[in-house]
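Subject: Structure for your review

Dear colleague,

Please find the structure below, together with its sequence.

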Amino acid sequence: MSDREPLFSAKNIKLLTEPLGENNPITVQVLGICSALAITVKMENSVVMAVSVMVVLAVSNVVISLLRNSIPPRIRIIVQLVVIATMVIVVDEILKAYAYEVSRQLSVFVGLIITNCILMGRLEAFAMGNKPWPSFLDGIGNAAGYGLILIIVAFFRELLGSGTFWGMKIIPDAWYDAGYQNNGLMILPPMALVTVGIIIWVQRGRNKNLVEDK
Amino acid sequence: MENLVNIFVKSVFIDNMIFAYFLGMCSYLAVSKTVKTSTGLGIAVVFVLGFTVPVDYLLQNYVLKAGALSWLSPGLADVDLSFLSFIMFIAVIASMVQLVEMVIEKFSPALYSSLGIFLPLIAVNCAILGGSLFMQERDYANIAEATAFGLGSGVGWFLAIIGIAAIREKIRYSNVPAPLRGLGITFIITGLMGIAFMSFMGIKL
């Protein structure tokens, strides 16, 4: 271990920043869409969800990475599910204790972090073959990339759908008097899909490498 | 009986897994390239949901719920194991998927080979766990209702994936803007289909 690389070497920094943009879990890797769309009606819910996923992903990445040499390959999916499920139960109990209102609104989606593809995807693709510290950074990075999309989608849905930001009203009353109306459609589920579709469009329009072949 | 049909139709059209809750999106987006594979995956999901929801219903009501253990002995009446439900449900789902896989392999090898890799992957499909968690949250009155809900959700998912696969097969011939090609347009089409499905909202049977 004489040639230890520094904790924040260029490679490790890349693990953190790549998922924010060109390797984003939602728009590029297509992981974790299920929960990403359903809870983005309000900013608050999205931030809580993003933080929960970050905690679960970072910790389970580290745990699996520590165990990676002792897990028999045949039963690795069960082992991964047990680790994730345990973490999710912890997060769920904490949310119920300290943020009951949000936990009630997220309803089944906290539990569904278990089957969030980001978790299985990252554990399988990264933690099974890397040391704990890079796995930790990979977990934080991917959860941040996931959270980023969540927050962008929630920002637009809340702004256009309810005229609020983090529960505060920001569209002035004068606009409503002038005939402006909240777009009720933005609150409904289908618009989350369209919003993500537009984010993908913008991102791929800027970065030609990501464009899919016909 | 009327009640069961009601729950079934409601979970197929109104509370559609894909369009109302976005459950199982990952495999929905990944596998919907052709109608043939989507049919296979859809059938497998109907199977597994139809099995796991009733089993998890029994588990919920006779083991996990507060006071559910009182049939064992009155002393256990105040035991509440509901915090274990995630881990129990996912264990049931993983093992049911294995079981369904073995049963299909034994009795219908043709179906088995057409489902292929999708069967084991269903264990991590959010629609399955979501089905069990919604069943828990909505507190169905008896096992028949839970089964109707499970099957209905599966059929709803099946319809959704067949629909999008058919559209994706056709859209290959259209001139979609390059950055929107593939994933982007699929998202937007799903959104539009969702809006169409919303017209079922509010229907009482």
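Is Thr190(B) buried or exposed? Thr190(B) counts as buried, because its relative accessibility is 0%; buried means under 20% relative accessible area, exposed over 50%, and partly exposed in between, with a 1.4 Å probe and protein chains only.

Before the details, two remarks on conventions are in order. This is a predicted model, in which local features need pLDDT of at least 70 and side-chain atom pairs count only at pLDDT 80 or more, whereas totals for chains, interfaces and linings use all residues. Residues are numbered from 1 along each chain as its sequence is written, chains are lettered from A and ligands numbered from 1 in the order in which they are written, and side-chain values use heavy atoms, with hydrogens and water left out.

Chain B

Thr190(B) belongs to helix α10 (residues 183-197) of chain B; helices (H or I, at least four residues) and strands (E, at least two) are DSSP runs, numbered from the N terminus. Not counting residues up to four places away in sequence, Thr190(B) touches Leu193(A) as well as Ile18(B), Phe19(B), Met25(B), Tyr28(B) and Ile164(B), where contact means heavy atoms within 4.5 Å.

The loop between α8 (126-138) and α9 of chain B contains Asp139(B). Although Asp139(B) is not a glycine, its phi is positive, at about 60 degrees. Most residues other than glycine have a negative phi.

At the start of α9(B), a side-chain oxygen of Asn142(B) comes to within 3.1 Å of the backbone nitrogen of Ala144(B). Helix α9 itself covers residues 143-171 of chain B; its 29 residues should span 42 Å at 1.5 Å a residue, and this agrees with the 42 Å between its end C-alpha atoms. The expected span is 1.5 Å times one less than the number of residues.

Chain A

Chain A has ten helices and two strands, which follow the order α-α-α-α-α-α-α-α-β-β-α-α from the N terminus. Along the principal axes, its C-alpha atoms fill a box of roughly 70 × 45 × 35 Å. Of the 214 residues in chain A, 48% are buried. Among contacts between residues at least 6 apart in sequence, 75% join residues at least 24 apart.

Ser52(A) lies in helix α3 (residues 43-67) and is buried, with a relative accessible area of 5%. Leaving aside neighbours within four places in sequence, Ser52(A) is in contact with Val91(A), Leu95(A) and Ile113(A).

Leu95(A) is also touched by Ser103(A), as is Lys96(A), not counting residues up to four places away in sequence. Ser103(A) is part of helix α5 (residues 100-106) and counts as buried because its relative accessibility is 8%.

Phe136(A), in helix α8 (residues 132-162) of chain A, counts as partly exposed because its relative accessibility is 29%. Apart from neighbours within four places in sequence, Phe136(A) is in contact with Ala58(A) and Val62(A). The C-alpha atoms of Phe136(A) and Ser60(A) are separated by 8.7 Å, and these residues are 76 residues apart along the chain.

Yours sincerely

Terms used:
Polar contact = N/O pair within 3.5 Å; in protein donor to acceptor, adjacent residues only side chain to side chain.
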